[in-house]
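Today I opened this model to look at its pockets and one of its sheets. Here are my notes, in the order I took them.

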Amino acid sequence: MIRPIFLTLCALAASALTTVHAHSVWIEPGGDQQLVIRFAEPGDDFEKSPGYLDNLSTPTAFTVAAGKAVSAPALKQSNNFLLTGAAFTNVACAETTFTVRGGRKPVFYARWQPAGAGAEKPLLTLDLVPTGKPGEVRAYFRGQPLGNVAATLYTPDEKDQELTADADGFIHFKAGLPGQYLLTIAHHREQPPLAGFYAGTAYTETSHNCSLVWVQPKE
């Protein structure tokens, strides 16, 4: 009896771990002209506190006003982090880290892009940066264009598209439907692997993940 129970527990643990690995962190409007940080697998229920939301470090977040970064403290709520003082009319960015799992430290970066903001510049270690051209975003890692990286676009009709950046980091897509879009890059690893300790736990590599959210207006 011990072996079947042990195998069942292992299977459940592996399932939970896989679920976490498929998750994204992103910024979106949360009502009352405020912005919130979500943690979930796109299309599924948002993670909550108490629960997996508690495994994220308190995000470091800021908005961009008049070309300057302004801190936006993140306040944990039941199913999000509220960016205090951040309006959805401004660009907003955040960074957070998940608990080390399997020798890997997952780091998440998130960017919110308001309608009409135009071309932007990289502000995060791994960043998806709008170029100001419709249907075009450029991927950057440590300030340099990141070419040939895989990305996923989640559309307002709850479909997803697998995309790949060209050699210069440009990602092209069609965004004809009005509504909220989510573009992500998951599990980017740099070479050689970046190892260290986080919250007293050793890790052998760092996994970088990023997201970009915007709301496509009606024409």
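I started with the lining of the second largest pocket, in a predicted model: I found 7 nonpolar, 3 polar and 6 charged residues there. I counted Ala, Val, Leu, Ile, Met, Phe, Trp, Tyr, Cys and Pro as nonpolar, Asp, Glu, Lys and Arg as charged, and the others, Gly among them, as polar. A pocket here is an open set of points on a 1 Å grid over the protein atoms alone, where a 1.4 Å probe fits, with protein on both sides within 12 Å along at least five of seven lines; lining residues have an atom within 4 Å of a point.

Next I looked up the space in this second pocket, and it is about 350 Å³, taken as the space filled by probe spheres set on the points, which are joined across faces, edges and corners. Of its 16 lining residues, Pro-42, Gly-43, Tyr-154, Thr-155 and Glu-158 are the closest to the centre.

Then I turned to the largest pocket, with a volume of about 410 Å³. Its lining has 22 residues, and Lys-133, Pro-134, Gly-135, Trp-214 and Gln-216 lie nearest the centre. By class I noted 12 nonpolar, 7 polar and 3 charged. Strand β18 gives the most to this lining, with 4 residues; strands are DSSP runs of E, at least two residues, numbered from the N terminus.

Last, I checked a sheet: 4 strands form an open, antiparallel one in the order β1-β2-β6-β5, where pairing needs at least two DSSP bridges between two strands. β1 and β5 stand at the edges with a single partner strand each, so one side of each has no neighbour in the sheet.

For my own reference, residues are numbered from 1 along each chain as its sequence is written. Local features need pLDDT of at least 70, side-chain atom pairs count only at pLDDT 80 or more, and totals for chains, interfaces and linings use all residues.

Note on methods
Side-chain values use heavy atoms; hydrogens and water are left out.
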